[in-house]
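I set out below my notes on a single chain. The sequence and model come first, and my entries follow.

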Amino acid sequence: MASSMVEYLQSDMECEGLLECLHGLKQLDRRCFEILVESEDHLTVDEVADAVERERSTAYRSIQRLLQAGLIQKEQVNYEHGGYYHVYHPTDPNEVADDMQRMLNDWYAQMGTLIQEFRDKYDEKILAAE
């Protein structure tokens, strides 16, 4: 993962890299997301864990990060005679893209404010020194 903006801009980032960059996700989270996207069915945590060859608890933590980021959805499936389990599936890509665009716009606005603060702070010091 890049450690500076310059490194990000110079790297060959794929669109999936936005998941890691904007949401702070890990490589395993990305793999779990890809498994859910590629599946024709909604999957349980156990099925995702098997697909990524990790322990259930590890896959569960990744699933929780994906849920928190809004990249996947959780549904409850009820058994006929009581009880239930959860299955997971990707969120609509347009919703995810809109959310990422909002995050980028917010970040851009914050950077603009910081750049203006930089100008104001150092312009005053340079003018005072002259």
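The entries below record what I looked up.

**Basis.** I worked from a predicted model, in which local features need pLDDT of at least 70 and side-chain atom pairs count only at pLDDT 80 or more, while totals for chains, interfaces and linings use all residues. Residues are numbered from 1 along each chain as its sequence is written, and side-chain values use heavy atoms, with hydrogens and water left out.

**Overall make-up.** I found 6 helices and 2 strands in the chain. Both are DSSP runs numbered from the N terminus (helices: H or I, at least four residues; strands: E, at least two). From the N terminus on, I read the order of elements as α-α-α-α-α-β-β-α. Of the 130 residues in the chain, 24% are buried (under 20% relative accessible area; exposed is over 50% and partly exposed in between, with a 1.4 Å probe and protein chains only). I also noted the contacts (heavy atoms within 4.5 Å): among those between residues at least 6 apart in sequence, 44% join residues at least 24 apart.

I looked up the pairing of strand 1 (residues 72–78) with strand 2 (residues 84–90); the two run antiparallel and are joined by 7 bridges. Strands pair if DSSP finds at least two bridges between them. Asparagine 78 stands opposite tyrosine 84 in strand 2. The two strands form a hairpin with 5 residues between them, and glycine 82 in the turn has a positive phi of about 105°.

**Helix 3 against helix 4.** Helix 3 (residues 27–38) packs on helix 4 (residues 45–52) at an angle of about 115°, with the axes 10 Å apart. Axes are lines fitted to C-alpha atoms, for helices over the stretch in contact, and angles run from 0 to 180 degrees between N-to-C directions. On the helix 3 side, the contact is made by Leu28, Arg31, Cys32, Ile35 and Leu36, and on the helix 4 side by Val48, Ala51 and Val52.

**Two buried residues.** I found threonine 44 in the loop between helix 3 and helix 4. Threonine 44 counts as buried because its relative accessibility is 17%. Leaving aside neighbours within four places in sequence, threonine 44 is in contact with Tyr85, His86, Val87 and Tyr88. Glutamate 20 lies in helix 2 (residues 17–23) and is buried, with a relative accessible area of 16%.
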